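Subject: Structure handover

Hi,

Here is the structure I promised to pass on. My notes follow below it.

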Amino acid sequence: MDMMQKITIRSARVCKLCSAGFASKPRKLGKPDLSEKKMNFVDWKRVEFRAGNGGDGCVSMRREAYAEFGGPDGGDGGTGGDVILEAASRMKSLEHLSYVYKGEHGGKGSGGNCSGKSGKHAVIQVPLGTILKEDQDIVCDLEKEGDQTVVVYGGLGGRGNKSFVTSNMQAPMVATKGQQGQQRKLALELKTIAHAGLVGFPNAGKSSLLRALSRARPKVAAYPFTTLNPHVGIIEYPDLEQVAVADIPGLIPGAHLNKGLGHSFLRHIDRCLCLLYVIDLSQKDPWDQFTHLQYELEQYQPHLSERPHAIIGNKIDLPESQSSLPGLQERVDIPVIGLSAKFKTNIDQLKRHVRKLYDEDMKDRRKESTVEVSKKKKEQYKNRVI
């Protein structure tokens, strides 16, 4: 049997397997793109927290041989469990949170001076940048890895009759019940932690720019509102410094009136030290985009547009964009960085500018920290008892 006959027989077998449905589908090589998975991103949720109740105290009298007057030996009840929130970097959304969390109740006291078991604490992990609010008042802000806060405290355990013994009352038959644990309803709000935030109109090229700056892979398509959830990418520098950049959904004129996707997602750039305005130079009168973006930021939070920023003229590879770039530079006070996110033109220049803004901010923070440390040392020196 020659080679051609063998190939013909083998192809016929494969066709029979395919028609019968037994042939396996070809697998795609490489790992799946995790950033492109359809995941429900939740950045706001109202949760009820209930701490555990304290255990009741016990009324008991000692009864054993050769102890005629044993006396009271009722133990105290255990303390109820607290509900604790902990910031963890592996958490990216509030989707996993339930609407009610409860701490474990404390155990009841028993005879023989045995106290009840304390309830276990309920530790709930939340993403970095989670803010707790109660009636619009900020209760706590979890910014760093491992930050914890006790949301509700468990109730104290009741006292057994052993603790009521006095010189006038040697055999009390009284015990108290455990206290109820605290209950609170709080709103959890997630604010993405990033050093720089990309702001621009839909289809301005923000997602493509984030792909060019970092290893993040947000969805890129030729229709508006491609980005529905914020994405964070990391710019890595040769000196091992890392700067986080956040990409948020596109803004349109009238977003503060709930047009488009609204502007509630601007909370994710509230912590950014600088803003990067991404302007589509291929559109007519691109300088109007910058004016509209600043107005929408001011409607969300006053003085937000005054934060240190840079203006990026994207899509410089198109002929109409090259003619619009000089007009944009004439109408703004700061230099415009013209680049092409698609072909990665002038990306290194943008990275250097972002690093400059980052170093200036870190320098100011170090000065503030040194001033605070010196103040604390002076206060400790004044309060020192000689």
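Predicted model: local features only at pLDDT ≥ 70, side-chain atom pairs only at ≥ 80, totals over all residues.

pLDDT is the predictor's confidence in each residue, from 0 to 100. Over residues 20-39 the pLDDT is below 50. That stretch still has 12 contacts in the model beyond near neighbours in sequence. Contact means heavy atoms within 4.5 Å. The chain as a whole averages a pLDDT of 84, and 84% of the residues score at least 70.

Ground rules: residues are numbered from 1 along each chain as its sequence is written, and side-chain values use heavy atoms, with hydrogens and water left out. Local features need pLDDT of at least 70 and side-chain atom pairs count only at pLDDT 80 or more, while totals for chains, interfaces and linings use all residues.

Overall make-up

The chain has five helices and 14 strands. These are DSSP runs, numbered from the N terminus: helices are H or I with at least four residues, strands are E with at least two. Of the 386 residues, 41% count as buried. Buried means under 20% relative accessible area, exposed over 50%, and partly exposed in between (1.4 Å probe, protein chains only). The chain exposes about 23600 Å², and carbon and sulfur atoms supply 51% of that area. Areas come from the Shrake-Rupley method with a 1.4 Å probe; for residues, only the protein chains shown count as cover. Among contacts between residues at least 6 apart in sequence, 72% join residues at least 24 apart.

Around strand E13

Start with E13 (residues 309-314). Five of its six residues are buried, so the strand is largely enclosed by the rest of the structure. Strand E12 (residues 274-280) pairs with E13 in the parallel sense, over six bridges. Two strands count as paired if DSSP finds at least two bridges between them. Within this pairing, Tyr277 stands opposite Ile311 of E13. Right-handed here means that, with the strands pointing away from the viewer, the path from the first strand over the helix to the second runs clockwise.

E13 also pairs with strand E14 (residues 336-338), again in the parallel sense, over three bridges. Gly313 stands opposite Gly338 in E14. From E13 the chain crosses through helix H4 (residues 319-331) to E14, and this β-α-β crossover is right-handed.

Salt bridges

How many salt bridges does a search of the whole structure find? It finds 13. The criterion is a side-chain nitrogen of Lys or Arg within 4 Å of a carboxyl oxygen of Asp or Glu.

Glu189 bridges to Lys133, with the closest N and O atoms 3.4 Å apart. Glu189 lies in strand E8 (residues 183-190) and Lys133 in strand E5 (residues 130-134), so the pair ties together parts that are 56 residues apart in sequence. Glu189 is buried, at 9% relative accessible area.

Arg355 has two partners to look at, Asp239 and Asp359. To Asp239, the closest N and O atoms are 2.6 Å apart. This pair links distant parts of the chain: Arg355 is in helix H5 (residues 347-383), Asp239 in the loop between strand E10 (231-236) and strand E11 (242-247), 116 residues apart. Arg355 is buried at 15% relative accessibility, whereas Asp239 is partly exposed at 46%.

To Asp359, the closest N and O atoms of the Arg355 bridge are 3.0 Å apart. Arg355 and Asp359 are four residues apart in H5, so about one helical turn separates them. Asp359 is partly exposed, at 33% relative accessible area. Elsewhere, salt bridges that share partners join Asp43, Lys133, Glu189 and Arg267 into one network.

One more residue: Glu48

Glu48 is in strand E1 (residues 44-50). Is this residue buried or exposed? Glu48 is buried, with a relative accessible area of 16%. Not counting residues up to four places away in sequence, Glu48 touches Tyr99, Val100, Tyr101, Gln183, Arg184 and Lys185. Glu48 and Lys102 are 54 residues apart in sequence, and their C-alpha atoms are 8.6 Å apart in space.

Best wishes
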